[in-house]
Amino acid sequence: QQQRLSLIRGKPVAQAEAQRETARARFEGLYEHLSSRLTIAWARYDASIATSNAIENLVLPLAEELDADVRRTAELGRVDSALLIRAIESARDAKLKLVETRAATATAAVLLDNLAGPPPALPPNRPTPANTGDTP
């Protein structure tokens, strides 16, 4: 039965079906690849935001508080230069890490934009609430 159908359909039909299957397989492979890259990009973006928030809300205030405590102690006449240096380094490191995580967030956002493509454009003459004349 299958051989008879192949003979009836002819060689061009079989070639077209093979090309269609090849194109479908390529599309599915590309789709899976891009879907995976998009998932990874979202994970990196979310992780960088969480890290940035943790540094900004937890680590940086503690480092700045330590720096302020050491400076207050120094103003009272008890200068521990090693502790002062560590406090300054701690605050600097926290700020530097915050800058790095914000840069990672921006990089991840750019990658997401590249993977997702540009946002859809609005039609040129689409009415908006400002120009419909339907204001109360």
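## Start with the whole chain

Show the surface: the accessible surface of the protein chain comes to about 11,100 Å², and carbon and sulfur atoms account for 59% of that (areas come from the Shrake-Rupley method with a 1.4 Å probe, and for residues only the protein chains shown count as cover). Bear in mind that this is a predicted model, where local features need pLDDT of at least 70, side-chain atom pairs count only at pLDDT 80 or more, and totals for chains, interfaces and linings use all residues. Residues are numbered from 1 along each chain as its sequence is written, and side-chain values use heavy atoms, with hydrogens and water left out.

Now switch to cartoon. You'll find 3 helices and 0 strands, in the pattern α-α-α along the sequence (helices are DSSP runs of H or I with at least four residues, strands are runs of E with at least two, numbered from the N terminus). Of the 136 residues in the chain, 12% are buried (buried is under 20% relative accessible area, exposed is over 50%, partly exposed is in between, with a 1.4 Å probe and protein chains only).

## Next stop: helix α3

Select residues 81-116, which form helix α3, and pick out Thr101. Thr101 counts as buried because its relative accessibility is 7%. Setting aside neighbours within four places in sequence, Thr101 is in contact (heavy atoms within 4.5 Å) with Ser48, Thr51, Ser52 and Ile55.

Move on to Thr105, also placed in helix α3. Is Thr105 buried or exposed? Thr105 is buried, at 14% relative accessible area.

The whole structure has 7 salt bridges (a side-chain nitrogen of Lys or Arg within 4 Å of a carboxyl oxygen of Asp or Glu). Side chains of opposite charge can pair when their charged atoms come close.

Select Arg102 and Glu56: their closest N and O atoms are 3.1 Å apart in a salt bridge. Arg102 is in helix α3 and Glu56 in helix α2, so this pair ties together parts 46 residues apart in sequence.

Then try Glu21 and Arg24, bridged with closest N and O atoms 2.8 Å apart. They sit 3 residues apart in helix α2 (residues 11-75), so about one helical turn separates them.

Finish at Asp67 and Arg71, another salt bridge at 3.1 Å, N to O. Asp67 is buried at 15% relative accessible area, while Arg71 is partly exposed at 41%.
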